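Work through the exercises below on how two chains meet. Each task is followed by a stepwise solution.

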Number of protein chains: 2
Amino acid sequence: MNGVTHQKWWGWGVEGVAFHHEDKPKLAPFVLDKVGIDLHAPGTPPPAFDDIAVPATRLGDELATTLRRAVGEDYLVTDDLDRVVHTYGKGLADLVKIRAGHLPRVPDVVVYPGDEDEVRAVVDAVVAADAVLIPFGGGSNISGSLTPPADEERVVVSLDLGRMNRVLEVDEAAGLARVQAGVLGPDLEDQLGARGWTMGHQPDSFRHSTLGGWIATRSSGMQSDKYGDIADITRGLRMVQPGKVVVLRPLPSTSSGPSVREMILGSEGRLGVITEAWVNVHRLPENREIIAYLFPTWAAGLAAMAEIAASDAAPSVTRVSDANETQFSLATQKKSRGIKGKVSKALFAVLERRGWDLEQACLSYIGYEGGKERVAREKAIVGKIVKAHGGIKLGTGPGALYDQKKFDTPYIRDFLLDVGGLADVSETAMPWSRLMDVYSGTVRAAREAFDRLGVKGFIMCHLSHSYHSGACLYFTFAFPPGTDDVEEQLARYWEVKSAVQQSFVDTGATISHHHGVGTDHAHWLEEDISEAGTDVMVALLRGVDPGRNLNPGTLIPAQREW
Amino acid sequence: MNGVTHQKWWGWGVEGVAFHHEDKPKLAPFVLDKVGIDLHAPGTPPPAFDDIAVPATRLGDELATTLRRAVGEDYLVTDDLDRVVHTYGKGLADLVKIRAGHLPRVPDVVVYPGDEDEVRAVVDAVVAADAVLIPFGGGSNISGSLTPPADEERVVVSLDLGRMNRVLEVDEAAGLARVQAGVLGPDLEDQLGARGWTMGHQPDSFRHSTLGGWIATRSSGMQSDKYGDIADITRGLRMVQPGKVVVLRPLPSTSSGPSVREMILGSEGRLGVITEAWVNVHRLPENREIIAYLFPTWAAGLAAMAEIAASDAAPSVTRVSDANETQFSLATQKKSRGIKGKVSKALFAVLERRGWDLEQACLSYIGYEGGKERVAREKAIVGKIVKAHGGIKLGTGPGALYDQKKFDTPYIRDFLLDVGGLADVSETAMPWSRLMDVYSGTVRAAREAFDRLGVKGFIMCHLSHSYHSGACLYFTFAFPPGTDDVEEQLARYWEVKSAVQQSFVDTGATISHHHGVGTDHAHWLEEDISEAGTDVMVALLRGVDPGRNLNPGTLIPAQREW
């Protein structure tokens, strides 16, 4: 498609890559035990594209002509596949809907501008025609930010930034790079890496998400403890609005009033189209290690993370899984052959003799970057803290394996859908003092939802980011919907997802740490930032986009805005 | 005044404290040489308050009754002194005006609410009466954020938060404190310190500025390299608006859309009244040292700071002065007696023999905090970098002295005004790659302005904060206005100040790193954040405060807003 590659129209990632269980002998029994799904039963693959009914485009000749003039003949596309690719992100509800051919509203046209001037021409044309514009990066969004409202009567234009994918400039003295918004993670890091630099931003979606998307949703990455969240990394940017361009020059800090930079961060297309950004970049680290540790309990693991955050060590990654997620990780391991399997078995035997309840053990990964001396010192500090909390070091082997495989996780949801399981994620952040309340409340809320539905559900969690005052908890839940009716499947999914989100705001946590608001979390925004705080956001959106032409429905529920 | 202490009505700080030159023998010759002012000539002290004509209050009975009911009889004040105290901040133009009895518009009433409910009652009463509300903290603002527009026809209410000065709560597990907005720096640190905690925020105005004021202007402190700017420190807050309260719970990070927290930071009273905040606090450091270094040139000092920022050391303070500021520092030293003076003379002789041009030498302070091992390690890293750039260590003596005296600098402006000199500051931030351009451009712009005015002027600078991608440069300039006419004095002041600010935006720097926009910098906002970026800010302000009741004229020039 015009040099821009897309993910599968029906699922995560690229064609030909998928999750398999055949090489992971412990997984089938684990899944059967936890959610009652038999991985050996015949599944239901995604449908063929030809079996999907795609609504016809509503693009009129006049707007088509203006848009064609804006981007050129080759970069205006109305074919069904391209429009369907741009209809959904990759949230669980998106995946269920697309597999069911549920397409109430599909963008009428996809445009692929090649530079900012073309973006300006598109934005101006869309607003002049009172159409709707939805910016599209890698399409990995899982909060419902990319889907046109089902009742949208106006023409919907999806603006794909995929052609704007270059690192334009590296300011070596400042450690800043000027980068086009449409660049995908691997492409960005390849271009920076070739010059000896890295941005260090590694969200789970890394392979299929873009810089502009990260900025528009306030993304975080696996290494954000060191490199900062995207809000820290982004120092300047350009955003196209109707008739004009917001230009924020790169600055390390400024007191020029309410931060317009921080208004654009997280704006999810509602204030305009981000075309490029100045981002912090760093010299590639001399050394990089991810070490696995094992804690006797979740409480011990969390306490260790809090202590590491307050210590003089500043690791690049701090992660610890609860017992359920640890069991899941062990269940997805490939068959250990020879000496490795034996060592692992021997270790577990030793821990049992020491009184560990292995069902309660929690796996942790800590990442270290920098000069040899720094890495050694931080490892020593962390090692002491781990020991003080009863943990043990497993070594770099599992850490390296985790590092290689970390971007493969999203494929599992499609695999589970094939066999009739619904799985999704919700992440949040809260002060250290509330961590256990949020965790217990959320696990309880999910279990109660499973009980209400009468299904066998599973929920697991890891701490994924540490800050001075708190942390991010990242939950994954799965259950068999117990019905083939798609509407009923979605209703049951929302029963669980809503229970989790409601528990977040009820226990003092936020609706999302790094997935954004979209339409999926918009319902809880008032409970998160207060009614008056939501009014402030509405004032901003209304003032900038009075015609609601820019990704309407995202961030604020439509009825709240009017 | 109702238990709330204020600064001098005519100048910086408290009655009885002032800057003197008699104990600093090198200062008079220095000042005579640099700006041609004779410190021994008879000066003009500030006028007596009784000689000032204060416009009568315009407060009507109806609003007076409502406000009295809101805060109680004792906490509504209309006397002249209190209203004059609340008319100006402490910018140079403010000081010149108040000494001249220039009072075109004075708040009509000052109210001192005791809690958030009283603030709500005041805000509601003011907006219901279509009056104007100006929140007031310590009154240290130097950007013109506190002064009612001269042509404001409506009643003006100054809301002094001085009674709301308590640390309400410390969350020890999270390292967070909930603090009322009206607390002054020393009071805040005393309350936290008594429990073993510190917020670590030390702006030059520390003794006379408040938490709410820091948040409303996006303040930074001397130790922000370690503790973060106030935007980093502030994790949650409450802000009163007409009829409602924005409540942002403390969160380490969130992706809940455009950041309302970051809209309130820097809002300078235009979105409401900040009543309390959740702030990051830290255990009092085990060790704290500030070490002085000397570099052979400004370029060497700046290069060293950039290298320190990129190193594994993370000092709490990074500061280096240019040659002019270094000369000024040496000129304000008290007479060195005995061995100390001799050591200093001997050192300078050694440096001259090594080929240093002592006129070019640049003084630097680096601060270290933490455990013994950490402080030692960071000192070793910095020591190597200093050496590599030709610098030498002077030791902890001058550093400790600087640390004791650092909050006294603002008194110098009043001292100079007594003897007929105008002195003020402008600070900015920019990427490391632009540092020298901004510096040279600003020094040149100031000198050209001095030449246009035909005055003998002086400008000096220090780097005050370091970030990954850049730094803050802090300029101080002084000159004799060459006229007794106050209007002409102000015009000449603006000639220089404007040249400096214009140079900032022309060379890629921001209009302010931590003093805010106010009315003084509003003229350059569009050049800083672009016209379209300013439109975004205007949309926010208009949407939240359509009646322009909340500190109108600040941030955005009135004519730009309509």
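Two residues are in contact when heavy atoms lie within 4.5 Å. The model is predicted: local features need pLDDT of at least 70, side-chain atom pairs count only at pLDDT 80 or more, and totals for chains, interfaces and linings use all residues. Residues are numbered from 1 along each chain as its sequence is written, chains are lettered from A in the order in which they are written, and side-chain values use heavy atoms, with hydrogens and water left out.

**Exercise 1.** State the extent of the interface of chain B and chain A.

Step 1. Count the residues: 75 of chain B are in contact with 75 of chain A.

Step 2. Take the buried area, that is, the accessible area (1.4 Å probe) lost on putting two parts together, summed over both. Chains B and A bury about 5600 Å² between them, with 59% of it on carbon and sulfur atoms.

**Exercise 2.** Find the salt bridges across this interface.

Step 1. Apply the rule: a side-chain nitrogen of Lys or Arg within 4 Å of a carboxyl oxygen of Asp or Glu.

Step 2. The rule finds 6 salt bridges between chain B and chain A.

Step 3. Check a pair: B:Asp312 forms a salt bridge with A:Arg374, and their closest N and O atoms are 2.8 Å apart.

**Exercise 3.** Relate chain B to chain A.

Step 1. Superpose the copies by least squares on C-alpha atoms of residues with pLDDT of at least 70 in both.

Step 2. Compare surfaces: 100% of the contact residues of chain B recur in chain A, so the same surface serves both copies.
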